[in-house]
Amino acid sequence: MLKTKIASRSLLPAAILLAALLLTACGVVNRSAYRAPAGTADEPSASFGSVQKLLYEAHETWRGTPYILGGSGTNGVDCSSFTQIVFDEKFDVSLPRNTREQLNTGEGIRRHSIRPGDLIFFKTTRRDLHVGIVVNREEFLHASVSSGVMISSLSDYYWAGRYLGARRVL
């Protein structure tokens, strides 16, 4: 019994260290996995107003386009394809095709720091993610499963309760 007490006491510091490392290592994504091209992340090339204008133009072009999983055109589009197309056409920025890869793009930012053009992510089910583009501090543009391409409120009960994070790529 004495050996067991001594052995458990010598393991205690290692167990505490391991627990501390695990708790401090929590994170959703690797923040350094992607560096934006020069002139985009550290030196915004467009003002918030011009970013908003381009996003409203994208909304006018795509409004009501139905959500189709795997879709990538005006006959039907899914959320990650929509963000990929908008960033390519409006900002000349290449994004990965799927939401999980987009979640690893750019720089992670806190909810209170979002600005027009940021990607915003939601966890809609246990396994499913959703992505949109911040238009202003209160709204985002996205391809909604229920209503197609639209602008929704970030304070809407459904979206507020499913917020996962935001990434800056502009």
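1. H59 is buried, its relative accessible area being 10%; buried denotes under 20% relative accessible area, exposed over 50% and partly exposed in between, with a 1.4 Å probe and protein chains only. The residue H59 belongs to helix α2. Leaving out residues up to four places away in sequence, H59 touches L141, M150 and I151, where contact means heavy atoms within 4.5 Å.

2. On the basis of the note: the model is predicted, so that local features need pLDDT of at least 70 and side-chain atom pairs count only at pLDDT 80 or more, whereas totals for chains, interfaces and linings use all residues. Residues are numbered from 1 along each chain as its sequence is written, and side-chain values use heavy atoms, with hydrogens and water left out.

3. The protein chain contains five helices and eight strands. Helices (H or I, at least four residues) and strands (E, at least two) are DSSP runs numbered from the N terminus. Along the sequence the elements follow the pattern α-α-β-β-α-α-β-β-β-β-β-α-β.

4. Six strands form an open sheet in the order β3-β8-β4-β5-β6-β7, with antiparallel pairing; two strands pair if DSSP finds at least two bridges between them. The edges are β3 (107-109) and β7 (148-153), each of which pairs on one side only. From one strand to the next, the twist averages 35°.

5. Helix α2 (residues 48-62) packs on this sheet and touches β5 (129-136), β6 (139-144) and β7, its direction making about 125° with that of β5. Helix α3 (residues 79-91) also packs on the sheet, touching β4 (119-123), β5, β6 and β7, at about 40° to the direction of β5. Axes are lines fitted to C-alpha atoms, for helices over the stretch in contact, and angles run from 0 to 180 degrees between N-to-C directions.

6. Strand β4 is mostly covered, with four of its five residues buried. It runs antiparallel to β5, to which five bridges join it, and a hairpin of five residues connects β4 to β5. Within this pairing, K123 has L129 of β5 as its bridge partner. Strand β4 also pairs with β8 in the antiparallel sense, over four bridges, and F122 stands opposite Y163 in β8.

7. Strand β8 (residues 163-168) pairs with β3 in the antiparallel sense over three bridges. Here G108 stands opposite R167 of β8.

8. The largest nonpolar core has 25 residues, and those with the most contacts inside it are L55, F82, F87, F91 and L119. Such a core is a set of buried Ala, Val, Leu, Ile, Met, Phe, Trp, Tyr and Cys residues joined through side-chain atoms within 4.5 Å. Each of α2, α3, β4, β5 and β6 supplies at least two residues of this core, and the largest share, six residues, comes from α3. Apart from this core lies another, of nine residues, including I109, I114, F122 and F140.

9. Neighbours within four places in sequence aside, L119 is in contact with T83, F87, L95, Q102, V131, G132, I133, G165, A166, R167 and V169.

10. Buried residues account for 37% of the 170 residues in the protein chain. Of the contacts between residues at least 6 apart in sequence, 55% join residues at least 24 apart. The chain exposes about 10200 Å², of which carbon and sulfur atoms supply 55%; accessible areas come from the Shrake-Rupley method with a 1.4 Å probe, and for residues only the protein chains shown count as cover.
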